[in-house]
Amino acid sequence: MAWSDFCASIAALPEGTLWRHNQSGDLPGEGERIDAGELLALVEANKGRRGFTYTHKHRAENLHLIRSANALGFTVNLSANTIEHADALAETGAGPVCVILPQDTKANTQTPAGRKVVICPATQREGVSCATCRLCSRAERSCIVGFPAHGIAKRAVSTVAQGGAL
Ligand code: SF4
């Protein structure tokens, strides 16, 4: 689907719709680059909706784009690979943070700097989905969302493909 068509499909969602971008991909742009124009088009299309996503494209020169998207209502979670990395990403202030946890993690925890890490409830309990939880859609949250490594596949159950509403 062309990016403009995808953005049009988002703009056509009813006001207030919670939707999740890119279950397995990342923000638009080649490699580590973020395509600012395409991201801005998506941010505009999302206005009035509650889109959220995750990115590994959080190198320094991209942070202003991520920060702007979060300020304008499209929630971009910065994805960390360790809780130490999660602290570093949180300190950028560019957006909310999520992190992969060891697969045997069963309880909420904290980072070395003392930030609270809340385990994605959909990885721990039946009957929880992003539609009922919504934690990852909250750009202003202070907690970090943690995904036990084994829970990632399960997390997919509660989501839909790019462009769909939850
Ligand atoms: S269910 Fe998990 S992935 Fe979905 S919004 Fe909640 S914490 Fe995020």
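This is a predicted model: local features need pLDDT of at least 70, side-chain atom pairs count only at pLDDT 80 or more; totals for chains, interfaces and linings use all residues.

Trainee: Okay, and where is Arg 134 found?
Mentor: Arg 134 is in the loop between H5 and S7.

Trainee: Let me zoom out. How many helices and strands does the protein chain have?
Mentor: The protein chain comes to 6 helices and 7 strands. Reading along the sequence, you get the pattern α-β-α-β-α-β-α-β-β-β-α-β-α.

Trainee: And what percentage of the 166 residues counts as buried?
Mentor: In the protein chain, 47% of the 166 residues count as buried.

Trainee: What about contacts? What share comes from residues 24 or more positions apart?
Mentor: Taking the contacts in the protein chain with a separation of 6 or more, 67% are between residues 24 or more positions apart.

Trainee: Switching to the ligand. Where does the ligand sit?
Mentor: The ligand sits in the largest cavity.

Trainee: Which residues come nearest to the ligand?
Mentor: There are 14 residues around the ligand, and the nearest are Tyr 54, Cys 120, Cys 130, Cys 133 and Cys 136.

Trainee: How does that shell divide into nonpolar, polar and charged?
Mentor: The shell around the ligand has 10 nonpolar residues, 1 polar and 3 charged.

Trainee: Which helix and strand each supply at least two residues of the shell?
Mentor: Those are helix H5, residues 130-133, and strand S7, residues 144-148.

Trainee: Now the helices. Which residues of H1 are buried?
Mentor: In helix H1, which covers residues 3-11, the buried ones are Trp 3, Phe 6, Cys 7 and Ile 10. They are on the same side of H1, because they cover an arc of only 95° around the axis.

Trainee: Why would residues spaced like that point the same way?
Mentor: An α-helix has 3.6 residues a turn, so residues three or four places apart point the same way.

Trainee: What do the buried residues of H1 pack against?
Mentor: They pack against strand S1 (18-20) and helix H2 (36-46).

Trainee: And Ser 9, buried or partly exposed?
Mentor: Ser 9 has its place in helix H1 too, but Ser 9 is partly exposed, because its relative accessible area is 27% and buried means under 20%. The C-alpha atoms of Ser 9 and Asn 46 are separated by 9.8 Å, with the two residues 37 apart along the chain.

Trainee: Another helix, then. Which residues of H4 are buried?
Mentor: Helix H4 spans residues 83-90, and Ala 86, Asp 87 and Leu 89 are buried there. Their arc around the axis is only 165°, so they are on the same side of H4.

Trainee: What covers the buried residues of H4?
Mentor: The cover includes strand S3 (75-80), strand S4 (97-101) and S7.

Trainee: Last one: which strand does Thr 109 lie in?
Mentor: Thr 109 lies in strand S5, residues 109-110. Thr 109 counts as partly exposed, at 33% relative accessibility.

Trainee: What does Thr 109 touch?
Mentor: Leaving aside residues up to four places away in sequence, Thr 109 touches Leu 101, Arg 115, Lys 116 and Val 117. The C-alpha atoms of Thr 109 and Ile 83 are 9.7 Å from each other, and these residues are 26 apart along the chain.

Key
Residues are numbered from 1 along each chain as its sequence is written. Side-chain values use heavy atoms; hydrogens and water are left out. A residue is near a molecule or strand if one of its heavy atoms lies within 4 Å of it. On a 1 Å grid over the protein atoms alone, a cavity is a set of points where a 1.4 Å probe fits but cannot get out, and a pocket is an open set with protein on both sides within 12 Å along at least five of seven lines; lining residues have an atom within 4 Å of a point. A molecule sits in a cavity or pocket if more than half of its atoms lie within 2 Å of its grid points. Helices (H or I, at least four residues) and strands (E, at least two) are DSSP runs, numbered from the N terminus. Ala, Val, Leu, Ile, Met, Phe, Trp, Tyr, Cys and Pro count as nonpolar, Asp, Glu, Lys and Arg as charged, and the others, Gly among them, as polar. Buried means under 20% relative accessible area, exposed over 50%, partly exposed in between (1.4 Å probe, protein chains only). The arc is that of the directions from the helix axis to the C-beta atoms. Contact means heavy atoms within 4.5 Å.
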